[in-house]
Amino acid sequence: QLNYYFNTINEYGITKNIFYFATRYQDERIDKKRIAESMKHWGVTEGQVVDILLALSRADLIEEKVAGTEFYNIKDPIMREFADAWARVDVENATWAEANVELRERYNKLAGVYANLKGYATELMVQFLMMRFNRHEVEGEKFFKHPGKVFLPRFVWVDSRTVKLPDSPQYQIDVVGRGVPHLWLVEVKNTEQPIGLQDIKHFADACNVAAEVIGGEEVTRWYVSTNGFTQDATDYLNKHEFLYSDRNQINQLLQHFGLRELPV
């Protein structure tokens, strides 16, 4: 389809090149004067660039605004990526294999950034959730994989903390809720795989240090893993009376307090 458009509107023989320059812009206005300067060795004028940009906009390959005086890259992210890769291959003489590798690397980086943001968002939502606790009981099995009722205290403060004793490593507690005599220590994980026993034991060690550093007569340890737990981790959590929740249970608890669900 791109080849068809370029053959149809290739009045000056420069349509592909101008389209290539246009794909370099993200959400900012396409600088037609700069494109003309980049192509002046071919005798291209700013007027010719405008003519081509108008033709490209009519073919829905770029966006036209303000009656043909301003142009922007298309907003469709899939089309943007394809046009960018296509231009690399057709104008820069790269191979599709090279373009594919670049796209995969870019997507992997974006996936990593998104995973980190989801993890951070989950922590913040758990913090906000705990701020809603108001000295009442809920069904433990429904929300925390814990038999009987679970008391949700009102906290004086909810925050994250770094704790350390003179003879211990430094630990990061994702969420800490303090309200005398209660101390809640929470680990929040948003991983692709279920949490295993080693991670649980690390959190248990962190809780021992945090309980001594922060202080609390009634310490509750709560592990949140959006993708659940392995069987040996579950056995350990049950044996040592941890509270623990997966994505479904956290979403139910958020709904219980009238809050939105976790990001997918």
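User: Two strands pair if DSSP finds at least two bridges between them. In which sense do β5 and β6 pair, and over how many bridges?

Analyst: In this predicted model, where local features need pLDDT of at least 70, side-chain atom pairs count only at pLDDT 80 or more, and totals for chains, interfaces and linings use all residues, β5 and β6 pair in the antiparallel sense over six bridges. Residues are numbered from 1 along each chain as its sequence is written, and side-chain values use heavy atoms, with hydrogens and water left out. Within that pairing, W157 stands opposite R178 in β6. The strands (E, at least two residues) and helices (H or I, at least four) are DSSP runs, numbered from the N terminus.

User: And what is the order of the strands in the sheet?

Analyst: The order is β5-β6-β7-β8-β9, which makes an open sheet of five strands with mixed pairing. At the edges are β5, residues 157–163, and β9, residues 243–245, each of which pairs on one side only. From one strand to the next the twist averages 25°, with axes taken as lines fitted to C-alpha atoms (for helices over the stretch in contact) and angles running from 0 to 180 degrees between N-to-C directions.

User: How many residues are between β6 and β7 in the hairpin?

Analyst: There are two residues between β6 and β7 in that hairpin. Strand β6 covers residues 171–179 and strand β7 covers residues 182–189, and the two pair in the antiparallel sense over five bridges. G179 has H182 in β7 as its bridge partner, while G177 stands opposite W184, also in β7.

User: Why is β6 largely enclosed?

Analyst: Eight of the nine residues of β6 are buried, so the strand is largely enclosed by the rest of the structure. Buried here means under 20% relative accessible area, with exposed over 50% and partly exposed in between, using a 1.4 Å probe and protein chains only.

User: Which strands does α6 touch?

Analyst: Helix α6, residues 96–131, packs on the sheet and touches β5, β6, β7 and β8 (218–225), with its direction at about 15° to that of β6; contact means heavy atoms within 4.5 Å. Helix α8, residues 197–214, also lies across β5, β6, β7 and β8, and runs at about 150° to β7.

User: Changing topic, what is the volume of the largest pocket?

Analyst: The largest pocket has a volume of about 240 Å³, where a volume is the space filled by probe spheres set on grid points joined across faces, edges and corners. On a 1 Å grid over the protein atoms alone, a pocket is an open set of points with protein on both sides within 12 Å along at least five of seven lines, a cavity is a set where a 1.4 Å probe fits but cannot get out, and lining residues have an atom within 4 Å of a point. Lining the largest pocket are T23, R24, Q26, N73, P77, I78, R80, E81, D84, R106, Y107 and L110.

User: Which helix gives the most to that lining, and how do the residues split by class?

Analyst: Helix α5 gives the most to the lining of the largest pocket, with five residues. By class, the lining of the largest pocket has four nonpolar, three polar and five charged residues; Ala, Val, Leu, Ile, Met, Phe, Trp, Tyr, Cys and Pro count as nonpolar, Asp, Glu, Lys and Arg as charged, and the others, Gly among them, as polar.

User: What about the second largest pocket, what is its volume?

Analyst: That pocket has a volume of about 160 Å³, and its largest lining share, four residues, comes from α6. Its lining includes A111, Y114, K118 and R247.

User: How many cavities of 30 Å³ or more are there?

Analyst: The count comes to one cavity of 30 Å³ or more, and the largest cavity holds about 40 Å³ of space. D84, A85, R88, A99, E102, L103 and R106 line the largest cavity, with α5 (77–91) and α6 each giving two or more residues. The largest contribution is from α6, with four residues, and the lining has three nonpolar, no polar and four charged residues.

User: Is A99 buried or exposed?

Analyst: A99 counts as buried because its relative accessibility is 5%. The residue lies in helix α6 and touches A85 and V89, leaving aside residues up to four places away in sequence. The C-alpha atoms of A99 and R88 are separated by 7.2 Å, with the two residues eleven apart along the chain.
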